[in-house]
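Welcome! Please have a look at the sequence and the 3D structure below, and then let us walk through a few of the parts together.

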Amino acid sequence: MNANIPSDLPVREQVPNIMEATTAGATASAATPVGISADEIALYDRQIRLWGVQAQEKIRNANILLISMKALANEIAKNLVLAGIHSLTIVDHELVTEADLGAQFFITQADIGLNRAEAAAPQIRKLNPRVNVIADPSDIRSKGSDYFGGFDVVIATDLQPTNLSLINTATRLGQRPFYAAGVHGFYGFIFSDLIEHQYLVEREKSNRPTVLEKETQTRSIVDVKDKKEGGKHIELVTKRELYSTWLLASDGANLPDEFLKSRRRLKAVTPILSCFRALWAFVDDQGRLPSTAEDLKQFTILATQKHKALGLPEETLRSEVLRKFLQNLGSEIAPVTAVLGGQLAQDVINVLGARQQPIQNMVIFDGDSMEAPMFALHPDGDLGSGLLPLSTGVENGLIPNGDIALNGVVPFQPDIIQV
């Protein structure tokens, strides 16, 4: 299930279906790299035809870390395991409660009181016995900064914003892609920091030559090759996307210039973005969700401030929007987690295969409109590895474990993470 993206927002470039370029009777086995068995080709035949054997090989070798195992993580785990990754490590120190039974499908009432990761793991393994599913019941704050470097992708769900920033700092130092996501009832978000990511776009060659150039603040064309296939001239265009951190994207970074220059586009920006920024600021300050009358007053002030800082029209942040957002806090709704979890897992697969344009860099899901627009929220200046001048020293072991700093930001200290 894919959420609708408004037509005036950037649209991802899609890679042609592999089946369209495959003659009848041809099989994937001819291009099979060493390591993929005939049984695996049969098992993953449909997706191999979608993104190719080489991409499947990359997916097959991927080790994924998934932090926190609630309803959203259930959906992410399901999709990644069915895609055939090598291993999924689930870190969650919380115990199953009755509240977890509402939207989480890997646990039952018999699991109440058990560790959430360990309770879900057996059911996840049944989805695809070829995938190594590891349940880690320890607290994520007990992990050193080098722990995150042992994975190809790190995904953190339903954590407090300060924790997301600290983990993102560690993934940057380890040069690892990072995703953060969360849901509150009908509303949710996905954030990605891939640091610097290159991907390939195959398209029919046009009369206008493709040149190496910067397309947007974040995206550049870095290589162009040609090939002839089925009598057609095909371009293989390699693009690079640059990213910034959760700390910058969640507060402070502006909307892209193309939004700020158009009042029509500003009016179309969902006010849920302002609501989430207000929520993250409130939780950073209070360490909890707003609940009292005074909390709701403070949240309203924060939402108004965030809305204004984004340059959005005052009339789009209606009291009805604030009321509904607050009413949804802390709840899980299965259809919403299914949409967001599926979108995040698909993006991870695309990133591993390097065959489609990835999320850049914030998706906001609005269950009222059933839309999930994507916004590139970045500061002015350097992006990508330029935001992390210490990153070159990590490879040489120059960064001490458990005490690292990101451009003067609060150092990563696992013992202060509150999950």
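## Before we start

Two strands count as paired if DSSP finds at least two bridges between them. Helices (H or I, at least four residues) and strands (E, at least two) are DSSP runs, numbered from the N terminus.

This is a predicted model, in which local features need pLDDT of at least 70 and side-chain atom pairs count only at pLDDT 80 or more, while totals for chains, interfaces and linings use all residues. Residues are numbered from 1 along each chain as its sequence is written, and side-chain values use heavy atoms, with hydrogens and water left out.

## The sheet of three strands

Three strands make an open sheet in the order β7-β9-β8, with antiparallel pairing. β7 (196-204) and β8 (219-229) stand at the edges with a single partner strand each, so one side of each has no neighbour in the sheet. From one strand to the next, the twist averages 20° (axes are lines fitted to C-alpha atoms, for helices over the stretch in contact, and angles run from 0 to 180 degrees between N-to-C directions).

β7 is joined to the antiparallel strand β9 (residues 232-242) by 9 bridges. Opposite Arg240 in β9 you will find Gln198.

## The sheet of eight strands

A second open sheet has 8 strands in the order β3-β2-β1-β4-β5-β6-β10-β11, and its pairing is mixed. Here β3 (132-136) and β11 are the edge strands, each with a single partner, so one side of each is left without a neighbour in the sheet.

Strand β10 (residues 362-366) runs antiparallel to β11, and 2 bridges join them. Val363 has Met374 in β11 as its bridge partner. Helix α10 lies across β5 (178-184), β6 (187-193), β10 and β11, at about 110° to β10.

## Helix α11

Helix α11 (residues 293-309) has 17 residues and reaches 25 Å from its first C-alpha to its last, close to the 24 Å expected at 1.5 Å a residue (the expected span is 1.5 Å times one less than the number of residues). The buried residues of α11 pack against α10 (272-286) and α12 (319-327). After α11 comes Gly311, whose phi is positive, near 80°.

## A glycine in a loop

Gly384 sits in the loop between β11 (374-375) and α14 (391-394). Is Gly384 buried or exposed? Gly384 is buried, with a relative accessible area of 0% (buried means under 20%, exposed over 50%, partly exposed in between, with a 1.4 Å probe and protein chains only).

Leaving aside neighbours within four places in sequence, Gly384 has contacts (heavy atoms within 4.5 Å) with Arg172, Ile195, Glu196, Leu242 and Tyr243. The C-alpha atoms of Gly384 and Glu196 are 5.2 Å apart, although 188 residues separate them along the chain.
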